[in-house]
Amino acid sequence: MPTHFEIDDSFISEHNQKTNDWVEEDYEHLSKKLRRQNVDIEDLVAKAQGFRVAIPSWGVGTGGTRFARFPAAGEPRDIYEKLEDCATIFKLVCSTPAVSLHIPWDKPADAGDLREFARQRGLHFDAMNSNTFQDQPGQKHSYKFGSLTHPERLVREQAIAHNIECIEIGKALGSKAHTVWIGDGGNFPGQQHIRRALERYLESMREIYAALPDDWRVFIEHKFYEPAFYSTVINDWGTSYYCARELGSKAFCLVDLGHHAPNVNIEMIVARLIQFGKLAGFHFNDSKYGDDDLDSGSVKPFQLFLIFNELVDAELNQEPYFNPAYMLDQSHNVTDPIESLMMSAAELVRAYVQAHLVDRQELSDAQEKCDPLRALATLKQAFTTDVAPILAVARARAGGAIDPIRTFRESGYRQRKAEERPVRKGTAASGIV
Ligand code: LRH
Ligand code: MN
């Protein structure tokens, strides 16, 4: 039995043959429809093929909640098996060549070997992620009462050292960015001195910032609550923006869609951070209530479209400092993680292509002439255009799958991995819960 089963290109192209007919028919139909709008469908295929989003290493294992995790057979047990699954996703959807690692969950024994393993599968490493929200076995100082903002200097120093170690590992892996999300905060009024805690955050981040290579960026990730349930030090985009300004030109603000109170206008936060030249990028996911980490576009697809409407407007206007890093950050509790990540990656490409369908001239004219309904109708025309044929053709021409989930299921990949990856007692692949 081959040691590591992979879906090969011939299986994908054979499978595409079976479903190619409807794609060409629908593509032709859409091409005519768009031509009436003076839009060349080939431009949109090129846009779709140019879109890239990174996969979170912690997303290819089954996620869970504080109540339970229902591990699935064949899930990855270590970083190498996680990369195998990331390579399978990349092979089928063609838009995910980068992987974002989380340390220490993915700490490599040999960074050079891991980098080569990834390279052989067409993968490279996106932003690194530190973890000072859990205590590791044998850790000297606990993060129970915080990390970079902890009252005790020794705890802050330990957290700073960990972040600098993440940057060192990232340098060996070829990464160019480091994401810092901390859960620091309080569960009770009065527990933390709110201003002193932020001062300590900046003091600690200045040491981490100083360790950044010249061509690196540091991403500050805000979150309005959890694990702290009364106050969170980096709770919103305003605090994140203030800190990024204080730290310097290599510091930016990362927007995790699930880190905002329900009904917050996230596309407006995105427009602000673009205008202020401090948008780092995204952790894409979706949510109904809290930081639910659900599949992107699964609950609020119109919000996702409106966010990409702001991003495409900035792209077309060549806004200064506009170089957003796109990453998924999801927890797959009841679906096959590979299927969810493929579907989510496709939903991002869909929103991006639809945002390129917006008639910017018409929209701007409606805005300047105070015609709200014409403005909304212009956006809705793009959002309600079924661009599925463009997404399928973009994948097929790049050697990917017209129908990634169907091809994945019919490949028997998960069953083969269940045979290859017997559960190692007590060592579920480390990650969320
Ligand atoms: C925090 C967060 C952060 C990661 C973690 C896995 O909620 O979004 O980006 O470190 O999830
Ligand atoms: Mn996140």
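How far is an oxygen atom of ligand 1 from an N or O atom in the side chain of His-259? The separation is 3.1 Å.

## Basis of the model

This is a predicted model, in which local features need pLDDT of at least 70, side-chain atom pairs count only at pLDDT 80 or more, and totals for chains, interfaces and linings use all residues. Residues are numbered from 1 along each chain as its sequence is written, chains are lettered from A and ligands numbered from 1 in the order in which they are written, and side-chain values use heavy atoms, with hydrogens and water left out.

## Ligand 1

For Asp-256 the distance to an oxygen atom of ligand 1 is 3.0 Å. For Asp-291 the corresponding figure is 3.1 Å. Ligand 1 has 300 Å² of accessible area on its own, and the protein covers 95% of that. Such areas come from the Shrake-Rupley method with a 1.4 Å probe; for residues, only the protein chains shown count as cover.

The shell around ligand 1 holds 12 residues. A residue belongs there if one of its heavy atoms lies within 4 Å of the ligand. The closest are His-102, Glu-221, Lys-223, Asp-256 and Asp-329. By class, the shell splits into five charged, four nonpolar and three polar residues. Here Asp, Glu, Lys and Arg count as charged; Ala, Val, Leu, Ile, Met, Phe, Trp, Tyr, Cys and Pro as nonpolar; the others, Gly among them, as polar.

## His-283

His-283 sits in strand E10, residues 279-284. Helices (H or I, at least four residues) and strands (E, at least two) are DSSP runs, numbered from the N terminus. Is His-283 buried or exposed? His-283 counts as buried because its relative accessibility is 2%. The classes are buried under 20% relative accessible area, exposed over 50%, and partly exposed in between (1.4 Å probe, protein chains only).

Beyond four places in sequence, His-283 is in contact (heavy atoms within 4.5 Å) with several residues. Among them are Asn-129, Thr-179, Leu-254, Asp-256 and Met-327.

## Salt bridges

The whole structure has 35 salt bridges. Each pairs a side-chain nitrogen of Lys or Arg with a carboxyl oxygen of Asp or Glu within 4 Å. Asp-106 bridges to Lys-82, with the closest N and O atoms 2.8 Å apart. Asp-106 lies in the loop between strand E2 (98-100) and helix H4 (111-119), and Lys-82 in helix H3 (residues 79-93), so the pair ties together parts 24 residues apart in sequence. Asp-106 is buried at 1%. Lys-82 is buried at 4%.

Lys-107 bridges to Glu-165, the closest N and O atoms being 2.4 Å apart. Lys-107 is in the loop between E2 and H4 and Glu-165 in helix H5 (residues 153-173), so this pair ties together parts 58 residues apart in sequence. Both are partly exposed: Lys-107 at 46%, Glu-165 at 29%. Arg-374 and Asp-365 meet at 2.9 Å, N to O. Arg-374 is partly exposed at 23%, and Asp-365 is partly exposed at 25%.

A network of salt bridges links Arg-77, Glu-81, Glu-84, Asp-85, Asp-336, Arg-414, Lys-417, Glu-420 and Arg-421.

Note on methods. A polar contact is a pair of N or O atoms within 3.5 Å; within protein, one must be able to donate a hydrogen and the other to accept it, and residues adjacent in sequence count only if both atoms are side-chain atoms.
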